Amino acid sequence: MPTNGLHQVLKIQFGLVNDADRYLTAESFGFKVNASAPSLKRKQMWVLEPDPGQGSAVLLRSSHLGRYLSAEEDGRVACEAERPGRDCRFLVLPQPDGRWVLRSEPHGRFFGGTEDRLSCFATAISPAELWTVHLAIHPQAHLLSVSRRRYVHLCPQEDEMAADSNTPWGVDALITLIFQNRQYCLKSCDSRYLRSDGHLVWEPEASACYTLEFKAGKLAFKDCDGRYLAPAGPAGSLRAGRNTRPGKDELFDLEESHPQVVLLAANRRYVSVRQGVNVSANQDEELHHETFLMQIDGDTGKCTFYSSTGGYWTLVAHGGIQATATQVSANTMFEVEWRGRRVALKASNGRYVCMKKNGQLAAVSDFVGEDEEFILKLINRPILVLRGLDGFVCHRRGSNQLDTNRSVYDVFHLSFSDGAYQIRGRGGGFWNTGSHGSVRSDGERPEDFLFEFRGQGRLAIRARGGKYLRGGASGLLRADADAPVGLALWEY
């Protein structure tokens, strides 16, 4: 399978939370560090880098400043170093409860404290020196077993998750990481949680919660008994094994989950490559051959469609569309026109893709009519997590209003009907728009929202009045943006 950005390992950014539930923060002024922030924003994001000397020490780089945390011999700490020196080397000491202790490698002292009184001078570990890891990435991704080079997916027949898939195809490959009580749960696409014995359960019980460990840029999941998740047996069933230290079998990569879509043509049949290389609207059900991975170019806004057979849609002679290209080029790029509940696709020859009488697709039309319009349906987000420029979308405490600036997130349920989506929140209430563009999650009846994929990993949501949903200074979700830019774009 060609890479071309299809398999993009996520750079692991995280926040560090102290015992007082405050985040380690790197300030621009004076390059000082403190632990005063109550939530995870840009200044609270860090990246772990291996020490260039190939030792066991690591470097902590501020994502916000691009500079390294350092600790001097007298315990003073800062985030000023543009290049890592001796004082930037730390040892990560995982504790039994999953929290981290950071010890200066050259000076042997422990890093901790509260608010603006942080230092690296403690000779013993107290609660002030314990840090919880909170991932800052979008929590919906694909999980790849490092040892088997296979993707984890839900196996409904066996009632388990298994690492046995060559490609992360279809809705079953979506994994959602749920952060609660300083630990993580693995949630399947059908909203069940993976228990350490391999069973799937509906509630995040203690044996379905894991602490995260990092090793050489990879992730390991440790259960409440100190054992690590790993694929087991020929089927790769995911469960906790016997190992109490993470080896290669216990390591995983998180990869970005691109949108996978199906397209329904005017003949009410699905676009497919089931019958060969020609892309045709000739199938009555949506399976792997009718599912296409959609990637949007960040510069041009144009998109590619990649098939389960291993080829991109490409423009060929006489305007034909075939799924044969192995590399991205101008002929594999399509401009998407968002037309309410329908989309139209314009190929690199400047003409619209239409459905011919035999069902085959061809870019031969100068205008958009019924045969040039398609229903485009997102299939690999039955549950949805949204993150904007200021944070995640989450219910406001004690209310059915929705915040857009939270470091924690709610998981929303998505349904689809005739080109539009309906979104359900906590308690089963539907998203609905009220007066002055307010958005609430307490509707008894579903309200239609239109999704527009506007950039790499970015989504615009259009409400019934034609306005786009946005975040803002108030922190409340509102439907009053005129254009799908800036605060009206959501990572999903």
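Trainee: How much of the protein chain is buried?
Mentor: Buried residues make up 55% of the 492 residues. Buried means under 20% relative accessible area, exposed over 50%, and partly exposed in between, with a 1.4 Å probe and protein chains only. Keep in mind that this is a predicted model, where local features need pLDDT of at least 70, side-chain atom pairs count only at pLDDT 80 or more, and totals for chains, interfaces and linings use all residues. Residues are numbered from 1 along each chain as its sequence is written, and side-chain values use heavy atoms, with hydrogens and water left out.

Trainee: OK, and how many helices and strands does the protein chain have?
Mentor: Zero helices and 48 strands. Those are DSSP runs numbered from the N terminus: H or I over at least four residues for helices, E over at least two for strands.

Trainee: Switching topic, which residues does UniProt give as "domain: Fascin-like"?
Mentor: The unreviewed UniProt entry puts that feature at residues 21-133, 142-254, 266-376 and 390-492. The positions are in the numbering used here, feature names are shortened, and annotations may be inferred rather than shown by experiment.

Trainee: How far apart are the end C-alpha atoms of residues 142-254?
Mentor: They lie 6 Å apart, and the span is 0% helix and 46% strand. For residues 390-492 the end C-alpha atoms are 14 Å apart, with 0% helix and 48% strand.

Trainee: What's the phi of Asp159?
Mentor: Positive, about 60°, although Asp159 is not a glycine. Most residues other than glycine have a negative phi. Asp159 is in the loop between β14 (150-155) and β15 (160-165).

Trainee: Is Asp159 buried or partly exposed?
Mentor: Partly exposed, at a relative accessible area of 33%.

Trainee: And where is Asn181?
Mentor: Asn181 is in the loop between β16 (175-180) and β17 (183-187). Its phi is near 50°, a positive value in a residue other than glycine. Asn181 counts as exposed, at 69% relative accessibility.
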